[in-house]
Amino acid sequence: MYVLTITVLPIIVSSAVYNCSNVVDNFLFGQGMDRLGYTGEEIAVFWGALGQYQLLFNIPVAVSNALSSSLIPSLTRAVSSGNQEETNQRIAAAVRFSMLIAIPAAVGIGVLAEPVSNLLFAGEDNSLLIRLTMAGVFFSLSTVTNAVLQGLNRLDVPVRHAFLSLAVHIILVEVFLMIFHMGIFSVVFANILFAFMMCLLNGRSIARYAGYRQEYKKTVILPSVCSLLMGTAAWSIYKGLVFLCPALLSGGRLGMAVLVFPPVAVSMAVYGVLLVKLKAIDEKELKEMPMGTRLVRLCKRIRLM
């Protein structure tokens with residue numbers, strides 16, 4: 001029971017800090033906007049838009065959470081066996097797969113912010129939500145690096161980093177809100193910097209405890225290039241559909257679905273093809289992904305590999 005408690009408690013505390021930051025933001029934002037002279041109704045509108053924004057950018061975070069849960073057992077086995085090479089391979093694979101999902105998700109949500117927002121929240125004024133979504137970044141890497149440190153048996157380190165990042169986050173919310181008068185964007189940018197600080201602190205600790213050095217070309221640079229080209233394709237198709245069928249913009253949810261799903265489907269295909277053609281991912285790495293064997297067979301069938 002003692003071993004179970006000291007193992008689980010730091011993970012729970014680390015997750016609690018992540019979740020309680022939203023409660024802290026709610027309090028700070030409400031009190032700050034009230035002091036700035038906004039009404040309760042106006043504050044509720046701003047906070048409601050933030051909730052919708054979080055719903056959108058939490059999609060890649062959910063994938064990273066699943067990846068983190070599956071990472072810890074295999075990483076712990078590698079650490080217990082003393083196999084340094086396998087340990088670093090597990091860390092590299094987790095970070096790479098997270099970035100392969102998070103980077104295109106962030107670009108896609110940013111490029112298609114307007115039609116996606118109008119599709120999900122039809123009949124509402126989504127102008128604020130669109131601006132928030134386009135300013136958003138992901139928590140995926142910080143989630144994965146938390147799991148890496150837990151797998152390295154450094155359970156207390158993510159907790160310390162989370163408390164330190166939360167303290168800086170609270171200061172930033174107050175500064176952005178009360179000094180720069182950035183409104184709801186104060187919470188958005190403070191959350192982005194919270195995740196960025198977690199990534200920096202966790203990355204430094206991983207390098208220290210595991211001797212791991214991050215590879216950037218295939219993990220960040222190539223996926224970013226592929227994502228930008230994918231985003232260009234998605235935006236072009238969306239604008240083309242609007243030009244050809246402008247009536248779809250006023251066609252309610254069905255019209256927005258017709259405008260959203262073709263760009264999304266094409267952009268996913270474009271991103272996958274670019275990853276393979278630019279050698280951002282090879283056959284061995286692809287097989288390690290969910291349904292990877294089928295994807296390899298498909299790539300060979302259409303002569304991408």
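Trainee: In this model, at what angle do the axes of helix α1 (residues 2-35) and helix α6 (residues 140-151) cross?

Mentor: The model is a predicted one, and in it the axes of α1 and α6 come within 12 Å and cross at roughly 165°.

Trainee: What makes α1 roughly antiparallel to α6?

Mentor: Angles over 145 degrees count as roughly antiparallel, and the axes of these two helices cross at roughly 165°, so α1 is called roughly antiparallel to α6. The crossing in which α1 passes α6 is right-handed.

Trainee: Which residues meet where α1 and α6 are in contact?

Mentor: From α1 come Ile11, Ser14 and Tyr18, and they meet Ser142, Thr143, Asn146 and Gln150 of α6. Sorted by class, this contact has two nonpolar, five polar and no charged residues.

Trainee: Why is α7 called roughly antiparallel to α8?

Mentor: The axes of α7 (residues 156-179) and α8 (residues 185-210) come within 8 Å and cross at roughly 155°. With the cut-off set at over 145 degrees, that angle makes α7 roughly antiparallel to α8. Their crossing is right-handed, and by class the contact of α7 with α8 has 19 nonpolar, seven polar and one charged residues.

Trainee: How do you know whether Ser227 counts as buried or exposed?

Mentor: A residue is buried under 20% relative accessible area, and Ser227 has 0% relative accessibility, so Ser227 counts as buried. Ser227 lies in helix α9 (residues 217-244), and, leaving aside its neighbours within four places in sequence, Ser227 is in contact with Ile103, Pro104, Val107 and Tyr271.

Terms used
Residues numbered from 1 in each chain as written. Predicted model: local features only at pLDDT ≥ 70, side-chain atom pairs only at ≥ 80, totals over all residues. Heavy atoms only, no water. Axes fitted to C-alpha atoms, helices over the stretch in contact; angles between N-to-C directions. Helix = DSSP H or I, 4+ residues; strand = E, 2+ residues; numbered from the N terminus. Parallel < 35°, antiparallel > 145°, perpendicular 65-115°, else oblique. Left-handed = near helix turned anticlockwise from the far one by under 90°. Nonpolar A, V, L, I, M, F, W, Y, C, P; charged D, E, K, R; others polar. Contact = heavy atoms within 4.5 Å. Buried < 20%, exposed > 50% of the residue type's maximum accessible area, 1.4 Å probe, protein only.
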